[in-house]
Amino acid sequence: MKETILSACTLDCPDACSLLITREDGQITRIRGNPNHPYTDGYCCAKTQRFCSRLNSPSRVKKPILREGKKWREINWVEAISLCAEKIQKYRQEPGSILHLRGGAAKGVSKLAEVVFFAKLGASRIAHDGVCDSTGIEACIEDFGALQMNDPLDLLNANGIVIWGKSLGVSSVHTGGLVGKARNRGAAVFSISPRGNENGKFSDNTVCIKPGSDRFLAIAAAKETVQRYGLSPQIQENSQNLDRFLALLEGYSLSELSQFCDVPLRDIEALAEFYHQHSPCATVLGMGLQRYPHGAESVRAINALAFMTGNIGCRGGGVYYSVLSGQNLNLQWLEEEGYSRTFPVAHIGRSIIDTSDPPIHMAWISMWNPVNQTPESLVLSEALAKTPFVVVVDAFMTDTAETADLVLPCTMMFEEEDVVGSWGHHFVNYVRSVVPPPPGVRSDLEILTDLGHRLNPPIELETREAYLERSLKSPLLDTLLEELRMKGTVRARRPIIAFEGHHFAHRDGKFQFLNGISPDEPMDANYPMTLLTLVRKEFLHSQILPEEHESLIPEAFLAPSALENLGFKAGDQGAIISPLGAITVQLKAEKGLHPSVVVVGRGPWLKFGWGSNRLIEGKFTDRPDGVAFYGQSVRVERR
Ligand SMILES: Nc1nc2c(c(=O)[nH]1)N[C@H]1C(S)=C(S)[C@@H](COP(=O)(O)OP(=O)(O)OC[C@H]3O[C@@H](n4cnc5c(=O)[nH]c(N)nc54)[C@H](O)[C@@H]3O)O[C@H]1N2
Ligand SMILES: Nc1nc2c(c(=O)[nH]1)N[C@H]1C(S)=C(S)[C@@H](COP(=O)(O)OP(=O)(O)OC[C@H]3O[C@@H](n4cnc5c(=O)[nH]c(N)nc54)[C@H](O)[C@@H]3O)O[C@H]1N2
Ligand SMILES: [Mo]
């Protein structure tokens with residue numbers, strides 16, 4: 001029998017699509033975007049379309065497995081849960097010795113029950129958001145007072161769009177779609193990236209920038225704007241700290257700033273002119289430019305430029321960074337404050353090793369592959385191997401699962417019911433369960449509910465239905481679960497225009513200009529290039545099947561001039577070397593890349609000889625916990 005079922009994507013992606021799933025004889029055979037959803041608009045990305053291969057992969061773990069020396073032994077769920085209960089019972093006297101490593105890979109509301117469980121226990125946790133977007137979020141809150149943005153569909157009203165470090169064809173295909181439509185309606189598009197023309201097909205003008213230096217370009221364009229066009233009285237009235245900001249602009253010459261970001265003066269002028277002439281002009285900010293030691297300063301400088309050119313709080317304008325995926329839901333039940341300690345995410349391995357009060361005895365890792373996806377991978381892998389009891393809940397034997405004592409097999413997307421918010425738009429979607437999970441596989445919630453019952457005193461979780469119902473009890477939604485099940489999607493009552501009329505969320509209602517910017521740290525001559533580990537189109541981070549690795553070639557992209565200067569030809573083997581180690585890659589030339597950059601796609605697994613985070617040192621951005629992944633210096637040598 002062939003049926004079409006309305007469900008939704010829960011992958012960690014801003015587009016959070018409403019999906020139509022074709023099910024034939026109990027199997028999913030096609031996944032496509034819902035044509036009746038205003039944002040999804042009838043299409044979805046490559047990684048979601050091909051999700052069936054993950055559901056049906058022969059590599060999927062379907063039974064709990066326990067480490068015995070170098071081997072794994074299948075055990076049943078009663079044994080598995082009893083073992084976990086026994087360990088938690090033993091360590092809960094000092095609950096901070098239990099480390100909860102919860103990632104953000106699965107976005108449904110039911111996945112948050114885990115927070116309730118480990119917060120009730122008083123466990124330690126990791127500041128997970130630092131791996132992704134927290135630096136930029138903090139920067140936006142400092143400027144605007146809150147993390148808000150215009151409705152993405154308002155991009156269609158823009159006269160100009162500046163794409164500031166977001167790969168439109170890769171990381172958010174619907175932003176790409178809207179930019180394309182806006183362009184068809186006459187909007188002009190200006191893109192800025194160290195990858196030169198990565199958004200070439202979406203853009204009228206592309207600028208190649210030195211990695212991590214956007215703050216200099218934004219300040220330069222701001223300086224040029226003041227000189228050429230002056231400042232409107234509203235900008236002065238509706239902001240705080242303007243004098244300091246103007247002094248900051250005075251402190252640099254345009255030619256200095258041009259040198260710092262390696263962008264010619266004519267492009268700086270063109271950018272200032274673009275914001276002025278193409279008003280209302282929207283700014284789309286990717287997450288890439290905040291993954292640097294001065295990432296927050298870059299985001300703040302760009303926000304300041306967008307504001308002072310009169311492009312905030314209006315139709316067709318605004319800065320699009322992100323919103324919180326839970327912002328439209330009622331999540332008051334989370335009670336996160338129960339956790340006893342929070343460790344930064346930049347060097348989890350070192351934190352585990354160095355912590356003594358109390359030391360870590362047990363780790364529970366779910367929805368996350370931190371050995372692959374966080375810096376200093378090898379240190380973390382070693383730290384987990386030494387931790388007395390490590391549980392990994394996953395569907396695959398990832399690099400992280402390989403360090404576990406016990407692996408618990410979990411359900412995947414389309415195998416359980418849920419409700420999901422988005423970090424890129426204002427809709428909340430209903431996630432219908434489309435296929436049953438394979439026998440022997442349980443959801444995260446089922447696992448913890450069972451475990452909670454076995455503890456003394458028990459930790460009680462609520463039912464899935466109760467969590468979903470509660471989460472919808474938000475004044476912004478006013479929808480019952482039963483209604484959402486029928487409709488599939490609801491738009492939260494958020495204004496189309498954020499900060500309309502320059503009403504900002506700070507107590508004084510004003511926009512806050514940044515105080516200053518920092519110089520770049522001098523490059524170490526031994527490591528003169530910058531490693532960018534970018535997302536791949538077909539995969540979500542490390543969600544690459546073991547069998548898919550066979551057809552992947554480890555490759556790195558350099559500017560043709562950089563290859564030539566190093567004495568390489570395209571196709572040569574080379575080693576990317578950082579102070580932490582080396583990986584061997586095939587070198588490719590990419591026109592338009594900044595000559596100081598080496599680009600690799602992130603995600604392939606360490607156990608197959610990859611794992612770019614082996615090379616990345618655990619350094620912070622300029623906000624607590626943010627990880628400066630793209631601040632990594634490397635060199636490329638012959639192998
Ligand atoms: N297919 C696919 N889609 C995804 C994901 C995935 O793994 N695969 N992951 C999802 C998640 S969790 C996230 S956070 C997003 C991430 O997606 P994005 O927000 O796009 O962030 P990044 O991929 O980190 O970087 C985006 C772009 O910034 C550019 N960039 C790097 N450094 C700089 C710089 O110094 N200045 C400027 N101006 N640009 C710079 C790079 O060229 C890069 O293409 O994608 C989401 N979507
Ligand atoms: N070098 C480098 N590393 C980076 C970044 C970078 O720019 N450079 N950026 C990073 C960013 S933006 C992010 S968001 C993170 C992403 O890091 P991760 O969240 O680790 O990303 P994934 O590789 O998607 O791994 C998620 C794992 O969760 C599992 N999973 C999926 N659904 C479920 C579920 O329902 N339950 C359970 N228990 N498990 C599930 C998947 O099978 C997979 O193994 O890492 C980042 N790491
Ligand atoms: Mo992310």
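1. Eight residues of domain 1 touch eight residues of domain 4. On the domain 1 side, Lys 47, Arg 50 and Arg 54 give up the most area to domain 4, and together they account for 63% of what that side buries. The model is a predicted one, and this applies to every point below.

2. For orientation, the chain is split into domain 1 (2–55), domain 2 (65–131 + 339–428 + 435–479), domain 3 (134–321) and domain 4 (529–638). The centres of domain 1 and domain 4, taken over C-alpha atoms, are 31 Å apart.

3. Between domain 1 and domain 4 about 750 Å² is buried, with carbon and sulfur atoms giving 55% of that area.

4. Polar terms across this interface: three residue pairs are in polar contact, both residues of each pair being at pLDDT 80 or more. The salt bridge count between the two domains is one. Arg 50 and Glu 548 form a salt bridge through their side chains, at 3.1 Å from N to O. Arg 50 is also among the domain 1 residues that lose the most area to domain 4.

5. Ligand 1 is surrounded by 34 residues, the closest being Ser 171, Glu 198, Gly 212, Asp 214 and Tyr 630. By class, this shell holds 16 nonpolar, eight polar and ten charged residues.

6. In the side chain of Tyr 292, an N or O atom is 2.7 Å from a ligand 1 nitrogen. A polar backbone atom of Phe 539 lies 2.7 Å from a nitrogen of the ligand. Of the 920 Å² that ligand 1 exposes when taken alone, the protein buries 99%.

7. Ligand 2 has 28 residues around it, and Asn 369, Gln 373, Asp 394, Ser 542 and Arg 602 are the closest. The shell divides into twelve nonpolar, nine polar and seven charged residues. Domain 2 and domain 4 each supply at least three residues to the shell.

8. Which atoms of Arg 291, Asn 369 and Gln 543 approach oxygen atoms of ligand 2? Asn 369 uses a backbone N or O atom, at 2.8 Å. Gln 543 uses an N or O atom of its side chain, also at 2.8 Å. The protein covers 96% of the 920 Å² of accessible area that ligand 2 has on its own.

Conventions. Residues are numbered from 1 along each chain as its sequence is written. Chains are lettered from A and ligands numbered from 1 in the order in which they are written. This is a predicted model: local features need pLDDT of at least 70, side-chain atom pairs count only at pLDDT 80 or more; totals for chains, interfaces and linings use all residues. Side-chain values use heavy atoms; hydrogens and water are left out. A residue is near a molecule or strand if one of its heavy atoms lies within 4 Å of it. A polar contact is a pair of N or O atoms within 3.5 Å; within protein, one must be able to donate a hydrogen and the other to accept it, and residues adjacent in sequence count only if both atoms are side-chain atoms. Accessible areas come from the Shrake-Rupley method with a 1.4 Å probe; for residues, only the protein chains shown count as cover. Ala, Val, Leu, Ile, Met, Phe, Trp, Tyr, Cys and Pro count as nonpolar, Asp, Glu, Lys and Arg as charged, and the others, Gly among them, as polar. Domain bounds come from an automatic or database domain assignment. Contact means heavy atoms within 4.5 Å. Buried area is the accessible area (1.4 Å probe) that two parts lose on being put together, summed over both. A salt bridge is a side-chain nitrogen of Lys or Arg within 4 Å of a carboxyl oxygen of Asp or Glu.
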